[in-house]
Amino acid sequence: MPSANPRSHYGSIAIIGALFFIFGFVTWLNGPLISFARLAFNVSESLAFLIPFAFYISYFVLALPSSLILKKTGMKKGMALGLFLMAVGAVVFGQYTTARVYGGAVTGIFVIGAGLAILQTASNPYISILGPIEGAAQRIAVMGICNKVAGILAPLVIGTLVMHGMGDLSAQVANADAATKEQLLNEFAARIHDPYMFMAGLLALLAVGIVFSPLPEIRPEDVNADTDGAHGARKTSLFQFPHVWLGALCIFVYVGVEVMAGDAIGTYGQGFGLPLDSTKFFTSFTLFGMLAGYVVGLVAIPRFISQERYLSFSAVLGVLFTLGAFLTKGYVSVGFVAALGFAHAMMWPAIFPLAIQGLGRFTEYGSALLIMGIAGGAVIPQLFVHLKQAYDFQLVFLVLMLPCYLYILYFALRGHAIGHGVAGVPAAQNG
């Protein structure tokens, strides 16, 4: 069993942590890329939001195929395949962006997301079942720290290398004739080429490295079996595990609010008329909040509080910070949105292991179902960007966010225990 010798897992945790750093960096580029796309491709705000839409909808499309792939390849080779597919997507995005072909650039983002779908479908259950399931939130918190450190760096790196001087450039483009405008935008778009080619090469090298790494293969049917003995053995379908379906919906609304607070925070700040050269860094503020939340969760779970209790606490914080954002203006309101990062930090680390607990041989399929829920990051921000054209953007933000936090609170208090264990009692304690 993986829990037999925790020290033997430190190397594996370090390798998976490096993977979480990588897809944290790639994922949190989407926020700044929204502003980049609006200028480089000269598209509307709604079209610019196709960047996160294509990225997150790819999880919905590729998650189930990913589970079938992992059944054949195993988790280790599946992770390598995901990294290689991400490298292909980075090349496609870099090439088409340099050529200023928006459809091709969005396709590249979709391919990157597809690679991440495979990588996440493998790596999240892998780290969850590498040790005792009741301590999974703590291990995922370590992964989250790696992820969010990368996420903090991503907007700073792309802001420095690619998006510097955007405010002045935008003014020049607005006042230029057609030929000069095209020249300026072509030069701006070409800045993305070298960083993405470098990223593609690094991802391909890491894919090879994973294949030859000492990561052990883990069989979910052996280490994540239902603790309910013979009753668990009789289960023949994922439909007999209602908690995983409730968990998939919880992931949907969680990722939606996370993307709203992380990727859409720049657009939110622009609603107050805040300058473009400031709003491009707002994603980093949210991720600083998430990093702080991960550190607190790492210390507290499960030593002082269970992962499901902490999840309910996080949901309540989400409600309070959302109300704070609605009732204030300007930088203060943006500060409340960034503070949502702290509330969000331990949501994924708690939801994922609670939702896959006891799935046994259905773990890959349950994981794929949860990864499909990441599509919430495509749907909810799209609702925001369209509804705010007709209604006050702060009101739209409030109306979209509050129901999501209330559902997360329900899952934390009751939903995670439905179908296995006793409702209201942490399932990890029922063995």
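Predicted model: local features only at pLDDT ≥ 70, side-chain atom pairs only at ≥ 80, totals over all residues.
The secondary structure comes to 21 helices and zero strands. The chain has 431 residues, and 58% of them are buried. Now take the contacts with a separation of 6 or more. Residues 24 or more positions apart account for 84% of them.

Let's start inside. The largest nonpolar core has 141 residues. Which residues have the most contacts inside it? They are Leu33 and Met79. Helix H4, residues 50-98, gives the most to this core, with 16 residues. Look at Leu33 for a moment. Set aside its neighbours within four places in sequence. Leu33 then touches Ile51, Phe93, Ile109, Ile158, Ile192 and Tyr196. Pick those out on the screen.

Next, the surface. There is a nonpolar patch out there, formed by Phe21, Val149, Leu153, Leu156, Val157 and Leu161. Together these residues have about 430 Å² of accessible area. Which helix supplies the largest share of the patch? Helix H6, residues 136-161, does, with five residues. Val149 lies in H6. Its relative accessible area is 31%, so Val149 is partly exposed. An α-helix has 3.6 residues a turn, so residues three or four places apart point the same way.

Now the charged pairs. How many salt bridges does the count come to? Three. Here they are.

Arg38 pairs with Glu45, with the closest N and O atoms 3.6 Å apart. Arg38 is partly exposed, because its relative accessibility is 34%. Glu45 has a relative accessibility of 14%, so this residue counts as buried.

Glu45 also meets Lys388 in a salt bridge, at 2.9 Å from N to O. This pair links distant parts of the chain. Glu45 sits in helix H3, residues 45-48. Lys388 sits in the loop between helix H20 (376-387) and H21. The two are 343 residues apart.

The remaining salt bridge joins Arg100 and Glu182, at 2.8 Å from N to O. Why does this pair tie together separate parts of the sequence? Arg100 lies in the loop between H4 and helix H5 (102-128), and Glu182 lies in helix H8 (residues 178-190), so the pair ties together parts that are 82 residues apart in sequence. Is Arg100 buried or exposed? Buried, because its relative accessibility is 18%, and the cut-off for buried is under 20%. Glu182 is partly exposed, with a relative accessible area of 37%.

On to helix H17, residues 330-344. Here is a quick check on its length. The helix has 15 residues, and at 1.5 Å a residue they should span 21 Å. The end C-alpha atoms are 22 Å apart, which agrees. Which residues of H17 are buried? Gly330, Ser333, Val334, Val337, Ala338, Leu340, Gly341, Ala343 and His344. What do these buried residues pack against? Helices H12 (242-262), H13 (265-270), H15 (282-300), H16 (307-327), H18 (347-356) and H21 (393-413).

Two more spots, then I'm done.

Ala292 is in helix H15. Its relative accessible area is 36%, so Ala292 is partly exposed. How far apart are Ala292 and Ala339 in sequence and in space? In sequence, 47 residues; in space, 10.0 Å from C-alpha to C-alpha.

Thr328 is in the loop between H16 and H17. Thr328 and Gln394 are 66 residues apart in sequence, and their C-alpha atoms are 9.4 Å apart in space. Again, leave aside neighbours within four places in sequence. Thr328 is then in contact with Phe272, Ser333, Phe336 and Gln394. One of these, Ser333, is also among the buried residues of H17.

To recap: 21 helices and zero strands, a largest nonpolar core of 141 residues, and three salt bridges.

Definitions and conventions:
Residues numbered from 1 in each chain as written. Heavy atoms only, no water. Core = buried A, V, L, I, M, F, W, Y, C linked by side-chain atoms within 4.5 Å. Buried < 20%, exposed > 50% of the residue type's maximum accessible area, 1.4 Å probe, protein only. Helix = DSSP H or I, 4+ residues; strand = E, 2+ residues; numbered from the N terminus. Contact = heavy atoms within 4.5 Å. Patch = residues over 30% accessible without salt bridge, like charges linked within 9 Å, V, L, I, M, F, W, Y side chains within 5 Å. Areas by Shrake-Rupley, 256 points an atom, 1.4 Å probe, with all protein chains shown as cover. Salt bridge = Lys/Arg side-chain N within 4 Å of Asp/Glu carboxyl O. Expected span 1.5 Å × (residues − 1).
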